[in-house]
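Let's take a walk along the places where the chains of this assembly meet. Keep the model open beside you and follow the chain letters as we go.

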4 protein chains.
Amino acid sequence: MSQTATLPLELSDVQGQADKRGLAIDRVGVRGLAYPITVLDRAKGKQETVGRITLSVGLPHDMRGTHMSRFIEIFERHRGEMTVRTLPRLLDDMRERLDAEASQIEISFPYFLERSAPVTGSTALLEYGCTFRGERNGQHEAFTLGVEVPVSTLCPCSKEISDYGAHSQRGYVSVEVRSTDFDDHDLIWIEEIIEWVEESASAPVYPLLKRPDERHVTMQAYDNPRFVEDVVREVGLRLREDERVAWFRVHAENHESIHNHSAFAEIEWERPEA
Amino acid sequence: MSQTATLPLELSDVQGQADKRGLAIDRVGVRGLAYPITVLDRAKGKQETVGRITLSVGLPHDMRGTHMSRFIEIFERHRGEMTVRTLPRLLDDMRERLDAEASQIEISFPYFLERSAPVTGSTALLEYGCTFRGERNGQHEAFTLGVEVPVSTLCPCSKEISDYGAHSQRGYVSVEVRSTDFDDHDLIWIEEIIEWVEESASAPVYPLLKRPDERHVTMQAYDNPRFVEDVVREVGLRLREDERVAWFRVHAENHESIHNHSAFAEIEWERPEA
Amino acid sequence: MSQTATLPLELSDVQGQADKRGLAIDRVGVRGLAYPITVLDRAKGKQETVGRITLSVGLPHDMRGTHMSRFIEIFERHRGEMTVRTLPRLLDDMRERLDAEASQIEISFPYFLERSAPVTGSTALLEYGCTFRGERNGQHEAFTLGVEVPVSTLCPCSKEISDYGAHSQRGYVSVEVRSTDFDDHDLIWIEEIIEWVEESASAPVYPLLKRPDERHVTMQAYDNPRFVEDVVREVGLRLREDERVAWFRVHAENHESIHNHSAFAEIEWERPEA
Amino acid sequence: MSQTATLPLELSDVQGQADKRGLAIDRVGVRGLAYPITVLDRAKGKQETVGRITLSVGLPHDMRGTHMSRFIEIFERHRGEMTVRTLPRLLDDMRERLDAEASQIEISFPYFLERSAPVTGSTALLEYGCTFRGERNGQHEAFTLGVEVPVSTLCPCSKEISDYGAHSQRGYVSVEVRSTDFDDHDLIWIEEIIEWVEESASAPVYPLLKRPDERHVTMQAYDNPRFVEDVVREVGLRLREDERVAWFRVHAENHESIHNHSAFAEIEWERPEA
């Protein structure tokens with residue numbers, strides 16, 4: 001195409017101009033990028049999925065702009081494994097290439113686990129929404145794992161006050177945890193969080209249930225009524241007891257079957273300094 | 001601002017150019033417009049709400065483009081009441097001002113009804129998602145009303161095969177109806193569709209339930225188990241019996257509390273010519 | 001219905017049970033409630049719209065649950081005006097009725113302003129997404145206003161390096177501000193935030209533009225190229241200079257027309273203690 | 001868990017009951033299922049991605065319900081390749097296992113292509129939203145491919161009436177095509193649709209553009225102004241000329257950078273019988 005023929009030898013770097021407004025920018029970068037990624041899977045080693053990605057850096061008060069295309073170049077170069085092992089290198093690369101003190105990354109992705117029905121053992125895959133959030137600022141670094149777990153909850157009040165039956169509904173429990181350390185032996189698995197949440201609800205949800213399984217989970221839920229308040233406390237107790245957890249936030253939300261709104265509860269907690 | 005000083009007396013009309021590609025366009029217009037609107041309310045006469053609007057016309061094969069700004073001008077002029085009574089005039093205005101044979105409009109809006117709890121009678125508002133769809137093409141005109149009704153459903157299979165309990169969940173039933181006529185006496189009310197749907201589900205949902213009410217709806221749902229298949233059939237029977245209904249589509253979707261996916265059923269029906 | 005005949009005189013209060021798990025809950029309440037509301041309008045006094053509402057309280061470590069239905073009762077009783085003047089009373093009512101130290105409310109709603117085209121003066125309504133966030137905890141109270149303003153941005157780099165043209169796109173600038181005080185004379189208007197943002201972008205967006213207007217905004221944007229970094233700084237300078245602002249966060253996001261992802265920048269700032 | 005000990009030898013089949021309401025159901029099944037899938041990739045042979053799936057069958061007027069769990073069993077068994085080659089077998093399996101005359105499937109997934117910047121040749125992945133829709137009813141079968149292509153459009157009117165500049169924006173062009181035949185040699189590739197759409201817009205969008213590339217696409221768009229009307233016609237002409245295409249719908253929508261609403265155009269076309 002003809003316009004490339006007139007390409008000046010040197011295109012000016014507008015982003016690189018000095019800025020006199022005196023305001024540093026906390027985060028500048030790209031959002032809504034999608035990429036195939038590979039994440040760790042406790043049972044199978046690795047799992048292929050698709051990530052939605054936000055990449056950013058801090059911008060000092062005296063620089064006009066960042067070079068947005070470099071975020072994509074860096075991510076493209078690191079393409080593939082996105083895990084607690086590789087994110088620190090990606091964060092460092094972003095700091096170096098973009099000349100920044102602080103860098104941040106957030107990746108959301110569907111994660112799949114094979115689940116067996118409780119009686120017949122029939123298996124199929126269940127999806128969990130997960131998020132990795134990493135940041136590095138000078139010597140400080142933090143890595144947060146987020147997992148959203150669908151569950152079944154049955155209302156303790158409805159069961160108690162009714163002669164028969166009790167309303168149940170689907171709920172979503174979102175757990176975010178920050179580890180005390182980044183060492184491999186301290187890794188908290190997505191699978192562990194799912195287990196803690198499912199133990200805290202009235203019953204797990206499953207992708208595939210045959211009649212004997214449906215009978216089982218129906219009665220399991222009726223035997224274990226839980227408010228959203230109960231769910232966040234039960235999950236919170238399990239997280240607090242685990243020494244690997246430095247901080248957590250647990251949010252449980254019920255899509256109430258007797259209302260057109262949700263009930264929710266949330267606990268945020270930080271481990272006190274030793 | 002200085003550029004207006006240089007405004008040419010006549011700005012050329014690029015959209016009005018002739019087109020030689022020989023392809024007529026079925027619909028061209030604007031989407032994602034939001035506006036405060038007034039709709040009919042059976043109990044109170046009128047109700048103020050906010051509409052999301054799509055406006056379009058057909059474009060003949062020999063015109064390059066339509067004049068998008070006129071859609072906004074026309075809608076602004078008709079601003080206010082958006083009802084089965086006013087839409088025909090709006091559709092005609094669009095055809096005239098945009099020189100088109102066919103015109104279409106779609107308005108989605110939240111509609112609120114005061115609902116009383118079944119035992120204590122406590123009242124609060126419940127939201128229903130509604131849609132008006134109107135089109136006019138030469139002498140042909142059609143008006144479709146859509147209402148999405150949240151309900152509670154309790155699984156007949158789960159109740160039958162379990163010693164106690166039964167899983168329930170929130171479901172959404174979407175009904176679209178086209179009337180045989182546009183006369184006022186043939187008007188189908190949003191409120192009527194809500195009643196038909198609620199009678200067809202295990203129990204209605206409510207905005208506000210005190211303990212005696214929660215006890216009531218818990219047992220009501222247990223006494224009236226319904227599959228999505230049952231719900232669409234029950235709604236369909238009521239619609240088919242009503243002579244005002246020329247066509248309908250009913251879609252019921254349960255946010256299953258034992259799965260992380262939905263179960264759905266759908267019936268479309270047209271009244272046979274007399 | 002027959003089951004009400006068997007209603008026990010006293011239904012037990014399961015939520016009111018003592019809890020021994022020793023974990024306080026930061027927020028427990030209802031989400032996804034929708035209600036018609038009235039908000040303040042600088043030009044017209046009041047404006048009717050529809051709000052999406054979250055209501056919550058803190059729950060002490062020794063109480064099992066909160067009484068969710070009371071949130072709806074309280075909101076229903078305060079129904080109508082939702083403004084900086086009425087939210088404090090609503091927050092206090094929630095604390096009292098739900099026996100809580102802390103209460104929180106969040107209301108999101110579309111807000112409409114009549115906008116005149118820059119040359120022809122043609123008017124129509126433009127929608128802005130707004131949010132009120134209020135909380136009260138013991139003697140501490142905070143009120144945050146959020147406004148999302150759509151704008152047009154034209155890329156300074158694209159303009160500088162190209163022989164002609166420059167890519168432009170729609171962007172959204174989200175501003176959250178917390179006031180130093182709740183007195184009426186300190187009220188920051190939605191309309192003021194919109195003005196500050198529009199001055200900071202390449203050009204405002206309009207609901208209705210005739211050809212002379214489109215010519216005007218096309219050249220206005222070309223004359224005022226802005227990166228997202230420029231936008232957040234320009235908005236930030238205006239907010240910092242206003243003594244009423246105690247804290248702000250500005251987030252600008254461009255739906256880049258040359259990519260399928262967004263570019264964004266964000267500044268958070270708190271006024272230093274005097 | 002103890003309740004399984006009491007499992008009756010035979011759990012009754014509530015879904016299998018006879019129905020007397022006399023209403024057949026057009027579609028009954030599951031929605032919102034997510035699964036890792038493999039699709040065909042013209043360059044690499046295969047591509048791993050994640051699909052959102054709807055599976056359904058028709059239900060005769062005299063059967064009360066379908067067996068929802070079988071949808072998951074069947075999909076789980078066919079897990080893996082989801083292509084025009086495998087969907088017919090899946091559709092037939094659904095008909096057989098669920099005792100139905102008609103079966104339908106819809107799978108939506110992100111598809112990734114490596115795109116090279118037009119001047120520097122820098123490469124990265126770009127995401128396209130795709131959908132497969134297949135149905136089989138007795139001897140009739142149909143397969144529809146849907147692709148949503150992000151593009152850049154520059155307004156012909158704005159360019160013509162302004163002394164300099166022209167507003168541009170991101171647009172999305174959704175193409176659905178139905179083939180005349182299911183034979184392999186008639187396969188229409190996702191990649192072909194993307195090419196046709198990109199040729200019809202002002203310029204493609206890219207994941208990664210360095211400065212010389214940004215200069216190129218800026219001028220390319222300015223040299224090729226396009227209304228949404230132009231885009232749907234240009235795409236429509238290409239589709240009509242291709243003998244493999246039996247039916248298409250093209251929808252182009254611009255996220256106008258001078259408004260807060262979209263402009264759109266849509267053409268639906270069916271090849272006349274020979």
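Asp230(D) and Arg64(B) form a salt bridge across the boundary between their chains, with their closest N and O atoms 2.6 Å apart. A salt bridge here is a side-chain nitrogen of Lys or Arg within 4 Å of a carboxyl oxygen of Asp or Glu. In general, side chains of opposite charge can pair when their charged atoms come close. Between chain D and chain B, the rule finds eleven salt bridges.

Before going further, please note that this is a predicted model, in which local features need pLDDT of at least 70 and side-chain atom pairs count only at pLDDT 80 or more, while totals for chains, interfaces and linings use all residues. Residues are numbered from 1 along each chain as its sequence is written, chains are lettered from A and ligands numbered from 1 in the order in which they are written, and side-chain values use heavy atoms, with hydrogens and water left out.

Back to chains D and B. There are also 34 residue pairs in polar contact between them, both residues being at pLDDT 80 or more. A polar contact is a pair of N or O atoms within 3.5 Å; within protein, one must be able to donate a hydrogen and the other to accept it, and residues adjacent in sequence count only if both atoms are side-chain atoms. Which elements of chain D supply at least two residues each to the side that touches chain B? They are strands E1 (25-41), E2 (45-59), E8 (245-254) and E9 (262-270), together with helices H1 (68-78), H3 (156-161) and H6 (228-241). Helices (H or I, at least four residues) and strands (E, at least two) are DSSP runs, numbered from the N terminus. By class, this side of chain D has 26 nonpolar, 17 polar and 16 charged residues. Ala, Val, Leu, Ile, Met, Phe, Trp, Tyr, Cys and Pro count as nonpolar, Asp, Glu, Lys and Arg as charged, and the others, Gly among them, as polar.

With contact taken as heavy atoms within 4.5 Å, 59 residues of chain D touch 59 residues of chain B. About 4600 Å² is buried between the two chains, and carbon and sulfur atoms give 55% of that area. Buried area is the accessible area (1.4 Å probe) that two parts lose on being put together, summed over both.

Strands join across this boundary as well. Strand E1 (residues 25-41) of chain B pairs with E9(D) in the antiparallel sense over five bridges; two strands pair if DSSP finds at least two bridges between them. Along this pairing, Gly29(B) stands opposite Phe264(D) in E9(D).

How are the two copies related?

Now turn to chains C and A. Chain C is superposed on chain A by a rotation of 180° with 0.0 Å of shift along its axis (RMSD 0.0 Å). The two copies are thus related as by a two-fold rotation axis. Here the contact takes 59 residues from each of chain C and chain A, and about 4700 Å² is buried between them. The salt bridges between these chains number eleven; one of them links Arg27(C) with Glu266(A), the closest N and O atoms being 4.0 Å apart. Strand E1 of chain A pairs with E9(C) in the antiparallel sense over five bridges, and Arg27(A) stands opposite Glu266(C) in E9(C).

Finally, look between chains D and A. Glu127(D) forms a salt bridge with Arg52(A), with the closest N and O atoms 2.7 Å apart. This pair runs from strand E4 (residues 123-137) of chain D to strand E2 (residues 45-59) of chain A.

Technical notes:
Copies are superposed by least squares on the C-alpha atoms of residues with pLDDT of at least 70 in both.
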